Amino acid sequence: MAEPGLLIERIGPIARLSHNRPERRNAQSAAFLDALDSALADAIADPAVRVIVLGATGAHFSAGHYLKDPDTMRHQRNPEDRYEFESRCYRDYALRLWDAPKPVIAQVQGACIAAGFMIANMCDLIVASDDAFFADPVVGAVAISGVEMLVHPWVMGLRQAKEFLYAGGRVTAAEALAMGMVNRVVPRADLEGVTLELAERIARSSPFALRLMKRSLNRTAEIQGFRAALDAHFDTHQLSHMSTDGQARTAGDMGAAIGAMKRGSSV
Ligand code: ZN
């Protein structure tokens, strides 16, 4: 198997897990997602780890799923296989970030697109650099109903989520801060330092108190239907893969369309 492109660091009480394929804007392969889920489990199991940071090396956080990845594309051949693959690698892995019994902070710079947006927003906190931007152009680009986990209305509000997903535009770091989608926006040069300082401050609190606090906060969303809504969208998303328009966009078209958007032509 190819090297999955995940950098794992321990910085005092912090485990930092970073996308590490900057030459392809940290697009996520299936091997990367497997490695990330495994590293997350290790960080959860290690009592010396108090806080987890999900980051990225290079100019961008993540451009989304790596659509040239043979391991990803071979699961697009039929709906049954796609459902199993996306359940495991996209839904279950994302929910494990949400359910992690330790605080998880996303450290985001540059492009945070589609599946990158999805996993960053499953984290508890987001610290963004001033050059960060967010986009989920999947509806317009490939005729599929957004990404697998519809976390959007929960983190940006229903009205903003509708414009974001219908029109496929970008949200800047400053706009994300105004919506309450990110906790802080800092100069790019300060991103790592501010994120680690926040993580260290959180790490000084009782792990069990933090665990219970996170449980109650997440339950506040879950009582309002967070988990059921995500599950419902996951299934609807599978239907959109099978639609006439969705099917018409072959893997090659999908790659070309998203590639064009990542170059900035229509996002
Ligand atoms: Zn999908």
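Predicted model: local features only at pLDDT ≥ 70, side-chain atom pairs only at ≥ 80, totals over all residues.
Trainee: Why is H75 called buried?

Mentor: Set the value against the cut-off. Buried means under 20% relative accessible area. H75 has 12% relative accessibility, so H75 counts as buried. H75 lies in the loop between helix 2 and helix 3.

Trainee: Which residues is H75 in contact with, leaving aside its neighbours within four places in sequence?

Mentor: H75 is in contact with D81, R82 and F85. The test for contact is heavy atoms within 4.5 Å.

Trainee: Why is M179 called partly exposed?

Mentor: Buried is under 20% and exposed is over 50%, with partly exposed in between. M179 has a relative accessible area of 22%, so M179 is partly exposed. M179 sits in helix 8, residues 173-179. M179 touches V155, M156, Q160 and V171, not counting residues up to four places away in sequence.

Trainee: And what makes P47 exposed?

Mentor: The cut-off for exposed is over 50%. P47 has a relative accessible area of 70%, so P47 is exposed. P47 belongs to the loop between helix 1 and strand 3. Its C-alpha atom is separated from that of F85 by 31 Å, and the two residues are 38 residues apart along the chain.

Trainee: How do you know that strand 2 and strand 3 pair?

Mentor: Count the bridges. A pair needs at least two bridges. Strand 2 (residues 14-19) and strand 3 have six bridges, in the parallel sense. Within that pair, I14 stands opposite V51. The chain goes from strand 2 through helix 1 to strand 3, and this β-α-β crossover is right-handed.

Trainee: What makes strand 3 and strand 4 a pair?

Mentor: Apply the rule of at least two bridges again. Strand 3 and strand 4 (residues 104-108) have three bridges, also in the parallel sense. Here L54 stands opposite A106 in strand 4.

Trainee: Why is strand 3 called mostly covered?

Mentor: Look at its residues, 51-56. Six of its six residues are buried. V51, V53 and G55 point one way, I52, L54 and A56 the other way, and all are buried.

Trainee: How do you know that the span of helix 1 is close to the expected one?

Mentor: Compare two values. Helix 1 has 16 residues and reaches 23 Å from its first C-alpha to its last.

Trainee: Which residues of helix 1 are buried, and what covers them?

Mentor: Among the buried ones are A30, F32, L33, L36, L40 and A43. The cover includes strand 1, strand 2, strand 3, helix 2, helix 3 and helix 4.

Trainee: What makes E86, E148, H237 and H241 donor residues of the zinc ion?

Mentor: A donor here is an N, O or S atom within 2.8 Å of the metal. The donor atoms are OE atoms of E86 and E148 and NE2 atoms of H237 and H241, and they lie 2.0 to 2.3 Å from the zinc ion. The spacing in sequence is E-x61-E-x88-H-x3-H.

Trainee: Why do E86 and H241 tie together parts that are 155 residues apart in sequence?

Mentor: E86 lies in helix 3 and H241 in helix 11, so the pair ties those parts together.

Trainee: Are E86 and H241 buried or exposed?

Mentor: Both values go against the cut-off of under 20%. E86 is at 1% relative accessibility, so E86 counts as buried. H241 has a relative accessible area of 6%, so H241 is buried.

Trainee: What makes the phi of N26 worth a remark?

Mentor: Phi of N26 is near 55°, a positive value in a residue other than glycine. N26 is in the loop between strand 2 and helix 1. At 1% relative accessibility, N26 counts as buried. A143 has a positive phi too, near 60°. A143 lies in the loop between helix 5 and helix 6.

Trainee: Which residues have the most contacts inside the largest nonpolar core?

Mentor: They are V108, F117, M122 and F134, in a core of 65 residues. Apart from it lies another core, of 14 residues, including I105 and L210.

Conventions
Residues numbered from 1 in each chain as written. Heavy atoms only, no water. Buried < 20%, exposed > 50% of the residue type's maximum accessible area, 1.4 Å probe, protein only. Helix = DSSP H or I, 4+ residues; strand = E, 2+ residues; numbered from the N terminus. Right-handed = clockwise from strand over helix to strand, strands pointing away. Donors = N, O, S within 2.8 Å, 3.2 Å for Na, K, Ca; no water. Expected span 1.5 Å × (residues − 1). Core = buried A, V, L, I, M, F, W, Y, C linked by side-chain atoms within 4.5 Å.
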